[in-house]
Amino acid sequence: MNPSQLIITTHSPYTIDFEKTNQIIKVSYDPINKERKIFNFNKINNEDFKKFGYLINVEVAEMLYYNNVLLIEGDSEKYFYSLLMAKDNNFCKMVNEKRFGIYAVNGIAFKTIKELLEKLGITVYIKTDNDIFKVPKVEEYRYAGLERCMQFLSDDIKEELKKLLNVEKLEFRFTDIDSKPQVIESKISDICNLLRKNNIIFSQHNEGFERDFIEYIKLDEKNEVTEEAIKFLKQAKLKNLHYFIDEYNIDITVNDNNKNSVLVGFLYD
């Protein structure tokens with residue numbers, strides 16, 4: 001055989017090998033305009049391969065088959081969503097109907113993966129923590145999570161954020177950990193809503209996924225055990241999360257009380 005053109009179709013991510021391929025075209029169907037048979041063609045080419053090629057492994061290649069991808073930070077989040085899909089048939093059905101892939105990036109390396117996926121017409125959501133870090137060698141702290149989010153916002157959205165905070169410059173550093181800037185703290189709910197409109201799922205607190213999880217299962221209504229539970233979950237994050245859910249028979253399925261949680265609410269918007 002010596003065909004002039006050969007088309008191969010597969011669902012296997014193992015076939016996407018940036019060392020052997022110099023172009024990927026993603027053809028997606030627009031279900032809203034069924035009667036018009038509208039298709040979208042998005043592609044990455046040789047220049048893109050030079051920029052993104054180092055990223056490609058089986059997990060990243062799997063992302064290319066979805067219409068939407070949620071990027072999460074670590075293994076605890078990955079365990080939670082995997083378990084939720086196994087335990088909750090309705091949640092699993094919704095994820096599949098919306099063609100949502102959920103992937104941990106093992107840190108905060110969102111930017112390049114987001115850019116790669118968007119070039120192929122994939123909508124990217126990012127779930128990231130509202131971290132506060134100490135600045136090395138000086139008595140200063142920074143809203144590391146907010147600083148992280150800025151790289152994903154357009155200039156127009158940044159201007160909207162400035163108006164929200166009533167500032168001329170977006171500055172996320174402060175000197176006293178016990179006295180966080182009220183210009184930010186008093187507006188954190190509005191900040192989260194603005195970020196959510198831009199597909200960034202952001203927590204109002206500074207205690208990471210562990211606090212999000214406790215709020216999701218409504219353990220925060222029992223204040224006497226909340227702090228101890230969060231402390232326990234942070235000690236050995238993945239191991240203790242598994243133990244906690246299993247030992248106390250925690251129901252993690254979605255219901256009317258938690259469907260607006262930061263962990264799942266983006267699916268129900």
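Modeller: Helices here are DSSP runs of H or I with at least four residues, strands are DSSP runs of E with at least two, and both are numbered from the N terminus. By that naming, Arg99 lies in the loop between α4 (89-97) and β4 (100-104). This is a predicted model, in which local features need pLDDT of at least 70 and side-chain atom pairs count only at pLDDT 80 or more, whereas totals for chains, interfaces and linings use all residues. Residues are numbered from 1 along each chain as its sequence is written, and side-chain values use heavy atoms, with hydrogens and water left out.

Colleague: Why is Arg99 called partly exposed?

Modeller: Buried means under 20% relative accessible area, exposed means over 50%, and partly exposed is in between, with a 1.4 Å probe and protein chains only. Arg99 has a relative accessibility of 38%, and therefore counts as partly exposed. Its phi is near 50°, a positive value in a residue other than glycine.

Colleague: What makes Asn199 partly exposed, and where is Asn199 placed?

Modeller: Asn199 has a relative accessible area of 22%, so it is partly exposed, and its place is in the loop between α9 (188-197) and β9. Asn199 is not a glycine, yet it has a positive phi of about 65°.

Colleague: How do you know whether Cys149 and Cys192 are bonded or too far apart for a bond?

Modeller: A disulfide is a pair of cysteine sulfur atoms within 2.5 Å. The cysteine sulfur closest to that of Cys149 is in Cys192, at 8.7 Å, which is why the two are too far apart for a bond. The count by this rule is zero disulfides. As for accessibility, Cys149 counts as buried because its value is 0%, and Cys192 counts as buried because its value is 7%.

Colleague: Why are helices α10 and α12 called roughly parallel?

Modeller: Helix α10 (residues 208-216) and helix α12 (residues 237-247) pack at an angle of about 10°, with their axes 12 Å apart. Therefore α10 is roughly parallel to α12, since angles under 35 degrees count as roughly parallel, over 145 as roughly antiparallel, 65 to 115 as roughly perpendicular and the rest as oblique. The axes are lines fitted to C-alpha atoms, for helices over the stretch in contact, and the angles run from 0 to 180 degrees between N-to-C directions.

Colleague: What makes strand β5 mostly covered?

Modeller: In strand β5 (residues 123-128), five of the six residues are buried.
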